[in-house]
Amino acid sequence: MNKSTSIVFTSYGTANNLIAITEYEVSSVFATQDGTRLILKAIFPEEDSISDTKQTYYEMECNSSVIRINHKNVIPAFIFEEYSNMEFNASESSISIPANPEMGQKLDDISFSVEILVAPITHKLSYFLTDRVVKSQETINTPAGTFECFVVEADSSMKPKNKNTGKVKQWFAPQIGLVKQIDYNAWGKVTSVNLLTDLKTGSIQNDSKVERE
């Protein structure tokens, strides 16, 4: 990814119905001492009024050992469905994965919080991914292209409890990040899908030579 990159994720709900289309553009790229940090800006349609509480900026970071992804589409799509037309704050939502994973590798558990504004009350949800394991390597075809991915599977849960959690399967592509995510309930039924549906890239442009931490 670079400063001319734009990506689009499409989210589908429990009945395979369209929930949301989210477009991001890379607004800034910084070279860090051991990798690269990108700032993603969510692009909203002109008719979509943006309040002060709607988050528009997210981060991705990669270095020699880890890729860290922080954007709205690491949240299960069924949450978009359950809280449609409400404001999300996913600033604490991020997923870290090894830059060079090994098959069968066990990954750290992840917990993150999501704030949902139902004026005048802010609801806080906690989402947990446990027993994360690198299961396989797969080539997958998407509307955005064909990607060589490694697959991470995990158990999922939420607080407060949510019947749509159970398992999650995620596909990650080097230099791209999350390409696809499928959530399943405890009975193995698909409850939501997040899918990379468009990817446009351009020439590399860095905003600073080295970003000092």
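## Aromatic pairs

Tyr 127 is buried in this predicted model, its relative accessible area being 2%, and Phe 112 is likewise buried, with a value of 4%. The structure holds three aromatic pairs. One of them is edge-to-face and is formed by Tyr 24 and Tyr 58, with 5.8 Å from centre to centre and 90° between the planes. This pair links distant parts of the chain, since Tyr 24 belongs to strand β2 (residues 18–31) and Tyr 58 to strand β4, 34 residues apart; both tyrosines are buried.

The rings of Phe 112 and Tyr 127 also form an aromatic pair, here a tilted one, with centres 5.2 Å apart and planes at 55°. Phe 112 is in strand β9 (residues 110–118) and Tyr 127 in strand β10, 15 residues apart, and this pair too links distant parts of the chain.

## A charge over a ring

Trp 171 has the charged end of Lys 180 over its ring, at 5.1 Å from the ring centre.

## Salt bridges

Side chains of opposite charge can pair when their charged atoms come close. Across the whole structure, the search finds six salt bridges. Among them, Arg 37 and Glu 61 meet through their side chains with an N to O distance of 3.3 Å, and this pair links distant parts of the chain, Arg 37 being in strand β3 (residues 35–43) and Glu 61 in strand β4 (residues 57–63), 24 residues apart. Both Arg 37 and Glu 61 are buried.

A further salt bridge joins the side chains of Lys 169 and Glu 138, at 3.9 Å from N to O. Because Lys 169 lies in strand β12 (residues 166–173) and Glu 138 in strand β10 (residues 121–142), this pair ties together parts that are 31 residues apart in sequence. Glu 138 is partly exposed, at a relative accessible area of 28%. Strand β12 also contributes Lys 167, which is paired with Asp 155 of strand β11 (residues 145–159), so that parts twelve residues apart in sequence are tied together; the closest N and O atoms of this salt bridge are 2.5 Å apart. Both partners count as partly exposed, Asp 155 at 22% relative accessibility and Lys 167 at 45%. Elsewhere, salt bridges that share partners join Arg 37, Glu 59, Glu 61 and Arg 68 into one network.

## Cysteines

The count of disulfides is zero, where the rule requires a pair of cysteine sulfur atoms within 2.5 Å. Cys 62 counts as partly exposed, at 31% relative accessibility, whereas Cys 149 is buried, with a relative accessible area of 2%.

How values were computed:
Residues numbered from 1 in each chain as written. Predicted model: local features only at pLDDT ≥ 70, side-chain atom pairs only at ≥ 80, totals over all residues. Heavy atoms only, no water. Buried < 20%, exposed > 50% of the residue type's maximum accessible area, 1.4 Å probe, protein only. Salt bridge = Lys/Arg side-chain N within 4 Å of Asp/Glu carboxyl O. Helix = DSSP H or I, 4+ residues; strand = E, 2+ residues; numbered from the N terminus. Phe/Tyr/Trp six-rings, centres within 6.5 Å; stacked < 30°, edge-to-face > 60°. Lys NZ or Arg CZ within 6 Å of the ring centre and 35° of its normal.
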